[in-house]
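Q: Please take a close look at one part of this model, its aromatic cluster. Which residues form the cluster, and how do the rings in it pair?

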Amino acid sequence: MKPPPVPAPTANAMRRALKRARDGVALDVSEAAVLLRARGADLTDLSASAARVRDAGLAAAGRPGVITYSRSVFLPLTRLCRDRCHYCTFATVPGKLRREGRVGVPPTRAQRAVGAFMSPDEVLDIARRGAALGCKEALFTLGDRPEDRWPEAREWLEAHGYDDTQAYVRAMAVRVLEETGLLPHLNPGVVTWAGFQRLKPVAASMGMMLETTAERLWSEPGGPHYGSPDKEPAVRLRVLEDAGRSSVPFTSGLLIGIGETPEERAESLFALRRVQRAYQGLQEVIVQNFRAKPDTAMRGMPDAELDDLAATVAVTRLLLGPAIGVQAPPNLVDAEYGKLIAAGIDDWGGVSPLTPDHVNPERPWPQVEELAARSAAAGFELRERLAVYPEFVRRGEPWLDPRVLPHVSALADPETGLARDVRPRGLPWQEPDGGFAAGGRTDLHRTIDTEGRTGDRRGDFDAVYGDWEALREKARELSGDPAAAPGETAATDGHAADDSGRPAAEVPAPGRLDPDVRAALARAADDPTLLTDAQALALLHAEGPALDALCGIADDLRRATVGDDVTYVVTRNINFTNVCYTGCRFCAFAQRRTDADAYTLSVEQVADRAQQAWDVGAVEVCMQGGIHPDLPGTAYFDIARAVKERVPGIHVHAFSPMEVMNGAARTGLSVRDWLTAAKEAGLGSIPGTAAEILDDEVRWILTKGKLPAADWIEVVTTAHDLGLRSSSTMMYGHVDQPRHWLGHLRLLAELQQRTGGFTEFVTLPFIHTNAPVYLAGIARPGPTMRDNRAVTAMARLLLHPHITHIQTSWVKLGADGAAQMLRSGANDLGGTLMEETISRMAGSSYGSYRSVKDLVAIAAAAGRPARPRTTTYGEVPEERLRAAEAADGRLPELLPVLGQ
């Protein structure tokens, strides 16, 4: 597909754009598109500006005058692909493999799958020979999900015991690490967030070319990507974002000259820049020029000109800045090395002394000696790097998984992060030592109430959460008013104090609608299941007498559904570690391993705390922890098993969906198989936390790396299918809007109709005080009391009759606030907790435990009786009732701190 004709830029437009580039002024899309057309003296001027930016970056990185490359081997794990890119000769079909002798002719069913993938022996043979030649990178390249299109691929995977292509990639990456010491750089195509969790523990880095964001090249017949589902621009941008959320050092880039216009190419570069601003995870951007190949649909397209390549390299450097690597493949530049160096590259990419470029097989790699000479002629020294760039080697956690870190450290210069002059050797790929060793502030559950936290934020506040300014822009877009200040919403009216005592100007409530509230109230009283979305939104905005009426209707429905008893559970929270690098921007609990408030409990300490809880009448322990990088995926099984062995009668309510996904990824198990193993170890149910708001436009402001909504849904529905029930939750009052609350509640009701597995719905008001997203000026300071009442009441109405128990949080609202919620539709107070550090670290001022008498008093303040329950709202055994009554469901005041 040839690009549509585009008028040449005027001389004035080119002069203006070149001046802005020289002056270091930010360029817009139109100016970048003009500069992409620079030729002759204009290209020389443009290249000089780009080179200055590159040189400044190299100096800041401590390697001035250095151009890098990676000595690698190319492992085409499979050339089968479900896509049909019209320029590609890498992807092939099973019939061609048979003609090449990879499969017998005519093939039997067993023979048909032979050759669909490289065998382990073939992979390891190339890797070993590469290691002997001094290579340090194993570049895994493969087609996208071939098993979705080709029966031969499915049959090969099944015959060799792999669920899918990613499982085979993971297995072979482990073998390469262990048997050769080469560092895997994985190019597995389109990967989901869950896929990144699965592959990151076996890879030093990963990559996928963006190629272009021009939608028409994918969607229109005749386009180079037409008929290729994995080349949809939105899909590929999502992959780049998920890589950033997962803290994966990532390579991407453009393929130029495939029919895009200069404006479309500029827009693609701006898309890469947006991703980089948000996550800082792109280690390099490759600018690759199209080369027509025989026997492809695009064989008649002209090759991209080298001046076009140079101009694109220069604009890439100007837009993406000094800190990112910019690469041009040296085998595609027709010996014009100097032109590309002058335009701002600082890397030549992977160069192999052993394997060909299987994507461009007609273009052999240059010899390293020639690259060094060409670089020296341009005034640069050629140095070898690893698959992972030096900046990410020096950053360490969370960018390098602890299972891969020893392999990287064996090959990296500790000062520069570049490659050492050593031959790689295989090392065990194993869980890091000490993942369950007790350490740190293990008395935090007690001292948080007496001494508080050490500081209001963790030590890597400015880095671990991504780019705050980019998040502010997203929050403004979410509010509906791009001009609004961070934390404000589209319509904040009034300045009177709200029920919490804070001025409304301090606590901007979501904007009001103007529907017929009276009609909505009448519908809610008559049959809440018939409420339309418009009516539900009207009620979510209710205030004054309308809010009082709404809460009354919800309270009447509560009485009719579950009676007057206020239920509670005698339980203990055990947060076994707070070390976490996921980057949840609402969480003040997570710490770096070196922070003063960080801690990890041993398995024995967890079991000891469960025993102490049992002794004072608990029927349940609720166990959750941070995503500690050293924690093995099987650690969760060890925790559950240890508790059940120590206290066989206690119910283990544990492991959020995020922890489930983490455990599954680290063990290589499917979610179903992991949950099955956890259930066998003693898991009784899972908390439905990590939900926050089940809308990704909100989630990606609240968190950098937590699981997407779809994965949360997969975990809880799979758990329900296995007989593991869960709670459901919603955290609100930050950057969200009532429309998000409505969507969240509707989704939970739909899931409950499908599975019946939710035991209750828990309202979780956002605690803002120490939350990073609030400290950065992005979130509101929590919900108002009006919001709390409206959410509680509408949860009762919108979840009826599917989820019958609505829980309020004394930890977040205090006794008086919880009593108000009991008059607004709630019927459950949660638990005694015994220790609560997550909300207290965030700044909650209501303590870390409540006795049985305290909970009974809260119910009495709402004019209601109280009774204990089990996790699943059953009757509590008499023996447990007596133990709880004797101890008042609370731990001794001077609980010994174990392991100190």
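A: F576, Y636, F637, F655 and W674 form one aromatic cluster. Here rings of Phe, Tyr and Trp (its six-membered ring) pair if their centres lie within 6.5 Å. Planes under 30 degrees apart count as stacked, over 60 as edge-to-face and the rest as tilted. The model is predicted: local features need pLDDT of at least 70, side-chain atom pairs count only at pLDDT 80 or more, and totals for chains, interfaces and linings use all residues. Residues are numbered from 1 along each chain as its sequence is written, and side-chain values use heavy atoms, with hydrogens and water left out.

By the ring rule, the count comes to 17 aromatic pairs. Take Y636 and F655, two members of the cluster. Their ring centres are 5.1 Å apart and their planes stand at 70°, so this pair is edge-to-face. Y636 lies in helix α25 (residues 635-646). F655 sits in the loop between β15 (651-654) and α26 (657-667). The pair therefore ties together parts that are 19 residues apart in sequence. Helices (H or I, at least four residues) and strands (E, at least two) are DSSP runs, numbered from the N terminus.

Both residues can also be placed by accessibility. Y636 is buried, with a relative accessible area of 1%. F655 is buried too, at 0%. Buried means under 20% relative accessible area, exposed over 50%, partly exposed in between (1.4 Å probe, protein chains only).
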